[in-house]
Amino acid sequence: MNTDPTSPAQPFEIFLVAAPGLEPVLCAEASDRGFTNPTMVKGGVTVTGGWPEVWRANLELRGATRVLARIASFRALHLAQLDKRARRVPWAEILRADVPVRVEASCKASRIYHAGAAAQRIERAIAEELGAPIVKAAPKKTGKSADRDAPEDDTRAVQIKARIDDDLCTISVDSSGESLHKRGHKEAVNKAPMRETLAALFLRQCGYDGREPVPVVDPMCGSGTFVIEAAEIAAGLKPGRSRSFAFEQLATFDPARWQSLRGSTGTATPPAVRFYGSDRDAGAVAMSRANAERAGVGAWTDFAHHAISDLTPPEGPPGLVIVNPPYGARIGEGKSLIPLYHAMGQTLKTRFAGWRVGIITNEAALAKATELPFQEGGVSVSNGGIRVTLYQTGVLG
């Protein structure tokens with residue numbers, strides 16, 4: 001692997017973190033967005049490029065949880081070797097001496113087995129070679145690899161992630177900072193919210209990419225995530241347009257080039273169709289409207305206060321109904337939700353001929369209660385620590 005990611009002539013590996021189970025969907029998005037050599041791996045997708053591609057991935061990709069720039073890779077059989085080789089990384093060309101750095105390490109099937117000691121060696125290399133202040137990493141969540149979500153706090157520390165796997169040490173810079181589901185628009189959220197990155201991948205899995213002028217309806221909209229994401233996609237709005245990123249604190253950052261890349265990120269192309277959400281909770285409807293306005297898509301979205309049994313298809317062409325209803329393990333007991341799922345299924349079967357449906361839930365019995373003709377092989381992912389499956393139909397008859 002190239003160890004000089006500051007050279008424009010030498011592309012390096014960029015790792016796009018995805019919710020496990022949705023790697024193929026993110027890979028398709030990266031390919032559609034023109035990234036070079038998108039390849040599925042466990043937990044994400046790798047592409048190749050330079051720092052402008054790192055910036056663009058953060059700005060444009062809707063499904064990536066975060067973007068890691070893999071700046072170095074080398075074998076390390078013991079801590080002294082790790083110390084020596086970590087000092088060869090061109091830290092001064094990547095990091096700034098005035099910006100704090102946090103190092104997180106993980107070890108798997110390696111002769112270096114103490115992650116804390118490995119992190120200390122890399123911290124010392126950065127401190128002595130560059131002079132940057134070191135911030136101690138927050139305790140790591142159980143089961144997270146070094147390529148997964150980083151601890152987040154209110155400091156501006158840049159996160160360095162070292163993964164030692166089978167004696168191969170890969171060092172990455174977390175270029176994102178806060179998780180990319182934080183678009184910068186949603187101030188209000190309902191209980192058990194759907195993350196924007198996950199919603200975007202579910203929409204794509206359901207065949208919605210904004211290219212065809214079809215409406216999207218969410219009859220249990222919560223804080224409006226599916227409706228807002230669909231409207232943004234149709235309008236051509238970039239998901240990272242309203243937030244800042246960790247890469248802005250790096251020595252590799254070029255503000256003028258970044259502004260050129262961002263361009264007129266807030267300029268939207270008015271969609272040819274509208275996007276609809278409804279909920280029986282009046283507070284959720286008000287929340288969704290406010291979030292849509294902040295996202296700049298209020299003009300193309302409609303939110304209504306009513307029960308699922310009062311749902312009717314909007315005027316215009318058929319499209320996609322996508323819904324994240326209550327789950328048994330999340331809000332109430334699963335059996336008590338069967339009547340709700342049954343009512344939803346009956347409404348969709350009798351009123352939404354020509355539409356496709358996507359329902360996310362954690363129990364097959366709840367999906368079965370809808371009596372909808374779901375296709376085989378629904379994708380399963382973890383949402384808020386609960387394993388859920390996207391159940392999809394073809395076009396309803």
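Helix H5 spans residues 115–129 of this predicted model. Helices are DSSP runs of H or I with at least four residues, strands are runs of E with at least two, and both are numbered from the N terminus. H5 has 15 residues and reaches 21 Å from its first C-alpha to its last. That is close to the 21 Å expected at 1.5 Å a residue, where the expected span is 1.5 Å times one less than the number of residues. Gly131 follows H5 and has a positive phi, near 90°.

The buried residues of H5 are Ala117, Ala118, Ala119, Ile122, Glu123, Ala125 and Ile126. Buried means under 20% relative accessible area, exposed over 50%, and partly exposed in between (1.4 Å probe, protein chains only). Their cover includes helices H3 (79–86) and H4 (91–94). It also includes strands S5 (101–108), S6 (134–135), S7 (158–165) and S8 (168–174).

Lys84 sits in helix H3. Lys84 counts as exposed, at 53% relative accessibility. Lys84 and Arg121 are 37 residues apart in sequence. In space, their C-alpha atoms are 9.0 Å apart.

Two residues other than glycine also have a positive phi. Asn37 has a phi of about 55° and lies in strand S2 (residues 36–41). Glu371 has a phi of about 60°. Glu371 is found in the loop between helix H11 (364–369) and strand S14 (380–383). Its relative accessible area is 44%, so Glu371 is partly exposed.

Residues are numbered from 1 along each chain as its sequence is written, and side-chain values use heavy atoms, leaving out hydrogens and water. In this predicted model, local features need pLDDT of at least 70, side-chain atom pairs count only at pLDDT 80 or more, and totals for chains, interfaces and linings use all residues.

Notes
Contact means heavy atoms within 4.5 Å.
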